[in-house]
Amino acid sequence: MRYLSPHTINEAVAALADSDGDVKILAGGTDLLVQLRAGMKAPGLMLDVKRLPELRSINVEKNCFHIGAAVSGAEMGEHESLKGSWPGVVEAMELIGSTQIQGRATPGGNLCNASPAADSVPAMVAAGAICTVVGSEGSRDLAVEDVGISPGQTSLGRDEFVVDFRLPERPPHSGDAYLRFIPRTEMDIAVVGAGVNVVLGDDGVCVDARVSLGAVAPRVLLVPDAANELIGRKLNDEVLEKLDAACRAACRPIDDKRGTVEYRTQVSGVLARRAAVIAFERAGEK
Amino acid sequence: MVKTHVNMTVNGEAVEFLCETKATLLDVLRDELDLTGSKEGCSSGDCGACSVILDDRLVCACLVLGAEADGGNVETIEGMADADQLHPLQQKFLEEAALQCGICTPGFLVAAKALLERNSNPTETEVRYWLAGNLCRCTGYDKIVRAVMDTAEEMKGVSK
Ligand SMILES: Cc1cc2nc3c(=O)[nH]c(=O)nc-3n(C[C@H](O)[C@H](O)[C@H](O)COP(=O)(O)OP(=O)(O)OC[C@H]3O[C@@H](n4cnc5c(N)ncnc54)[C@H](O)[C@@H]3O)c2cc1C
Ligand code: FES
Ligand code: FES
């Protein structure tokens, strides 16, 4: 197994193209090194992307945040203006692991590990984040919800990787939130996760919304039917009940030791309601 | 076997070694540099016994490759005391019996030091969340948390 830590995107793409698939991108390593240790992965090349400047910074361009795919959770949490505009995205990332894990874990790794329970992904999907993906054919845009396709599997080509996440411009009165349910308070995998992002008009009526659920299907779900219950309405009990029902209808979870199908389905609706209340509150304050 | 040539600073001293790709920073510290204070509990990021500070970030040395630390600045438990003078956290852990078997102690000390450098006046909740990635099978955590809080209190007194 070789190790390479290129300084330019072109070098990284060339190394990926040359390696004929026998390669793993290394970001924070908090998933990959555990899998390596367990003998689940044995690539010929470890391609460390943490020295690529495009993947390592958080910038604002034309009023939109660009988050490098290999920025750490701790760095996102320390970025005050990102946190101010996208508290749900930042909180979701900060839920990952412990202080030690936060120093390493990245949003690119969380997405490309393709776990349906990855915490930052529903928040990014709700936010409407778009990834810049590069490969030998050049670069392309890919919506976050189109990256993970099944557990451990992404839609990226063999020679492709994620450079950054671009969040849309933030109009006044917008807010997002992410909540997950775990049986303890720290260090566990989501049984269900729910992300809600809304934009309100001056009158408090919702003009735009996105709702996303994690850990209730083989991939993170964007749930347009749930968002449609919010759009055109103010938040009240009846709207929350419809949001809850739309989320439950979208679930296709598994039964396992951490939650049954019925339990996960019910919790998805409860979490979506609570996340919606927080997102509306945040939107109302701005 | 392809090895990577690595230069890094450990506790203020420049070190240089050849490293197999699969060797973690923890393997390098313990087996190559003979710094066995950092412990191996789980090797999967769950227990925090291998906690070190890499470029001002608290990390699990078991989840960093030695090769990744090239050019890096590493602080381990061995660098915590100033010659014979224990760090106030080490002193407080002893005084308040915040350890029993001791296997988790280096990790807790390094993690607590990283906390106090960032936040000299943490609440109990902040201490507990910050240390949630460090596991202890013996103490039940209370004495550890109290020792960290008492050290913070004492260090405030000194710096006033
Ligand atoms: C103790 C512990 C607790 C954890 N708790 C949580 C938790 O609460 N919630 C949660 O969601 N996760 C958790 N995780 C899992 C993990 O920390 C996260 O998924 C993390 O975000 C992974 O990021 P990374 O940079 O470390 O990924 P890596 O391990 O570096 O990479 C993960 C995968 O993504 C690929 N990859 C990485 N970057 C890119 C890129 N830019 N382009 C293409 N492919 C890429 C890699 O090849 C690899 O297959 C935990 C892990 C540990 C060890
Ligand atoms: S040995 Fe590294 S966290 Fe347990
Ligand atoms: S003192 Fe024994 S594990 Fe903590």
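In this predicted model, helix α2 of chain B (residues 88–95) packs against helix α3 of chain B (residues 105–118). Their axes lie 10 Å apart, at an angle of about 130 degrees. That angle makes α2(B) oblique to α3(B), since neither the roughly perpendicular range, 65 to 115 degrees, nor the roughly antiparallel one, over 145, takes it in. The crossing is right-handed. From α2(B), the contact draws on Leu89(B), Gln90(B) and Phe93(B). From α3(B) come Thr105(B), Phe108(B), Leu109(B), Ala112(B), Lys113(B) and Leu116(B). By class, the residues of this contact are 6 nonpolar, 2 polar and 1 charged.

Helix α5 of chain A (residues 87–94) and helix α8 of chain A (residues 120–127) cross at roughly 165 degrees, and their axes come within 8 Å. The two helices, α5(A) and α8(A), are therefore roughly antiparallel; the cut-off for that label is over 145 degrees. Their crossing is left-handed. Gly88(A), Val89(A), Ala92(A) and Met93(A) of α5(A) meet Ser120(A), Ala123(A), Met124(A) and Ala127(A) of α8(A). This contact has 6 nonpolar and 2 polar residues, with no charged ones.

Now to the nonpolar cores. The largest has 82 residues. Phe161(A) and Met8(B) have the most contacts inside it. Leaving out residues up to four places away in sequence, Phe161(A) touches Ile9(A), Ala12(A), Val13(A), Leu16(A), Ile25(A), Leu52(A), Leu55(A), Thr132(A), Val133(A), Val134(A) and Leu156(A).

Note on methods. Residues are numbered from 1 along each chain as its sequence is written. Chains are lettered from A and ligands numbered from 1 in the order in which they are written. This is a predicted model: local features need pLDDT of at least 70, side-chain atom pairs count only at pLDDT 80 or more; totals for chains, interfaces and linings use all residues. Side-chain values use heavy atoms; hydrogens and water are left out. Axes are lines fitted to C-alpha atoms, for helices over the stretch in contact, and angles run from 0 to 180 degrees between N-to-C directions. Helices (H or I, at least four residues) and strands (E, at least two) are DSSP runs, numbered from the N terminus. Angles under 35 degrees count as roughly parallel, over 145 as roughly antiparallel, 65 to 115 as roughly perpendicular and the rest as oblique. A crossing is left-handed if the near helix is turned anticlockwise from the far one by less than a right angle, and right-handed if clockwise. Contact means heavy atoms within 4.5 Å. Ala, Val, Leu, Ile, Met, Phe, Trp, Tyr, Cys and Pro count as nonpolar, Asp, Glu, Lys and Arg as charged, and the others, Gly among them, as polar. A nonpolar core is a set of buried Ala, Val, Leu, Ile, Met, Phe, Trp, Tyr and Cys residues joined through side-chain atoms within 4.5 Å. Buried means under 20% relative accessible area, exposed over 50%, partly exposed in between (1.4 Å probe, protein chains only).
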